[in-house]
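Subject: Handover of a structure

Dear colleague,

Please find below the structure that I am passing on to you.

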Amino acid sequence: MDTARLSGFIGGLWDDEIVPQLVEYIRIPNKSPMFDAKWAEHGYMDQAVALLERWAHGKLASLQGATLEVVRLPGRTPLIYIDVPATLPGCDDTVVLYGHLDKQPEMTGWAEGLGPWTPVIKGDKLYGRGGADDGYAMFGSLSALLALAEQKVQHARCVIMIEACEESGSYDLPHYVDHLAARIGSPSLVVCLDSGCGNYDQLWLTTSLRGMTGGELTVQVLEEGVHSGDASGVVPSSFRVLREILSRLEDPATGTIKPEELYVEIPPQRIEQARRSTEVLGEAVYDKFPFVDGMQPVTKDLVELVLNRTWRPQLAVTGVGGMPALESAGNVLRPFTAVKLSLRVPPTLNGAKAGKFLKELLEKDPPYGAKVTFKLEKDGSGWNAPQLSAWLERAVAEASEHYFGAPAAYMGEGGSIPFMGMLGEKFPQAQFLITGVLGPHSNAHGPNEFLHIPTGKKVSMVVAEVIARHGEQAKKG
């Protein structure tokens, strides 16, 4: 395979077609179902599916025998299923390539001239919601296969699956995996482009993903609000009660999660990989975040920061209910306070058990007899990668040098990709290539999200080379 020719092909396809397609994709406010309960009625999800479907259909003629279907199970978000037959004679192996097309909500704080549904290209960056997380995945996967076809490089059968529920916890995906099980087969390689990268200078492989549980915690103390001058000191504040309950879970002074039930033993290999990643990144481990002046990370120990982010439970309060806006806040003791909790849990901790434990912890023995309810919304397990086969480790190392000009690096990610845990359980013998474009300041889920276009191109090139190397391995049986 001619790597220079492959680079030119994929780079040209990105410049001429993929970036313009992503610009249009960003314009579509196709929020995940958790953030748009009327997604089917609004039709934005269908618009995004149609955009990806049109472009893919136009390319399948170059991939002999390839088919595309938008699978729609009743009452569920759609799934794009692309099947590209093997070009390697007699090969019955399968590669699965995964991504998603649903998006997080708008979020506030976008810089002037930028917005979630306003695509803007500045230099090498394409700003807007969803380009990097994860709208580019189908384009990157197909461009890799098209590049192999252009050079007549043989490969195993490839299945591309693009779901529309990932940002809501992928609760629809298991139904599609079961529905399509006979067609998917038993993949020996899984490629996922929905992860992050420590920098834009080299290829980063994700070694683990945290799981996540969480939901809405509500503390109610009154049937209606009352004058604070009359009630304070008699009626316990719902905010104070909620704060006390949260302290069962999190140390308010350090942010450390208290219950031992939410921890696991960190594998020595992951600790060593965390150490190596800090040698590459240095203070970029934390200074990639937009701290206010004078703000510091929870510790200056870089290895501990990486392990906190990848292998330890951590809590974020992501929303508040029951509180009026500041300009409307009168002297009232409010009847209730509600918060949205997002608890990241270690990769090897059972997400369902963690969710059950969390609900029991928060609801038991409510202070003052307050009405405390925790509505569990998600309880997905994480994922810990199996050891890389020698061929894949070698392929990744060579591909990183070919297209990034630097060695590959390995690090866990703090986010969740529920599909990986699901596939890991169903196909324990499969190898995994988990990577992505979400690097420093790309700010997925937040304001000013961007796709670093050169990294998108290079990741697509890496995928092409790894699929080619997988084909060579399949020849050897």
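R27 forms a salt bridge with E24, and their closest N and O atoms lie 3.4 Å apart. A salt bridge here is a side-chain nitrogen of Lys or Arg within 4 Å of a carboxyl oxygen of Asp or Glu. R27 and E24 are three residues apart in helix α1, so about one helical turn separates them. In general, an α-helix has 3.6 residues a turn, so residues three or four places apart point the same way. R27 is partly exposed, with a relative accessible area of 44%, and E24 is partly exposed as well, at 38%. On this scale, buried means under 20% relative accessible area, exposed over 50%, and partly exposed in between (1.4 Å probe, protein chains only).

Please note that this is a predicted model, in which local features need pLDDT of at least 70 and side-chain atom pairs count only at pLDDT 80 or more, while totals for chains, interfaces and linings use all residues. Residues are numbered from 1 along each chain as its sequence is written, and side-chain values use heavy atoms, with hydrogens and water left out.

Helix α1 itself covers residues 3-27, which is 25 residues. Helices (H or I, at least four residues) and strands (E, at least two) are DSSP runs, numbered from the N terminus. From first to last C-alpha, α1 reaches 34 Å, close to the 36 Å expected at 1.5 Å a residue; the expected span is 1.5 Å times one less than the number of residues. The helix bends by about 45° at W14, where the bend is the angle between axes fitted to the seven residues ending there and the seven starting there. W14 is also one of the buried residues of α1, which include L6, I10 and L13. At the N-terminal end, D2 caps α1, with a side-chain oxygen 3.1 Å from the backbone nitrogen of A4.

E150 pairs with R5, with the closest N and O atoms 3.1 Å apart. Because E150 lies in helix α4 and R5 in helix α1, this pair ties together parts that are 145 residues apart in sequence. E413 forms a salt bridge with R309, at 2.7 Å between the closest N and O atoms. This pair links strand β16 (residues 409-413) to helix α11 (residues 302-311), across 104 residues. E413 is buried, at 11% relative accessible area, whereas R309 is partly exposed, at 23%. A network of salt bridges links E272, R275, R276 and E279.

D134 lies in helix α4 (residues 131-150), and the peptide bond from D133 to D134 is cis, with omega near 15°.

Lastly, two residues other than glycine have a positive phi: Y368, near 60°, and N448, about 65°. Y368 sits in the loop between α12 (351-363) and β14 (371-380) and is exposed, at 58%. N448 sits in the loop between β17 (431-438) and β18 (450-452) and is partly exposed, at 21%.

Yours sincerely

Methods:
A polar contact is a pair of N or O atoms within 3.5 Å; within protein, one must be able to donate a hydrogen and the other to accept it, and residues adjacent in sequence count only if both atoms are side-chain atoms.
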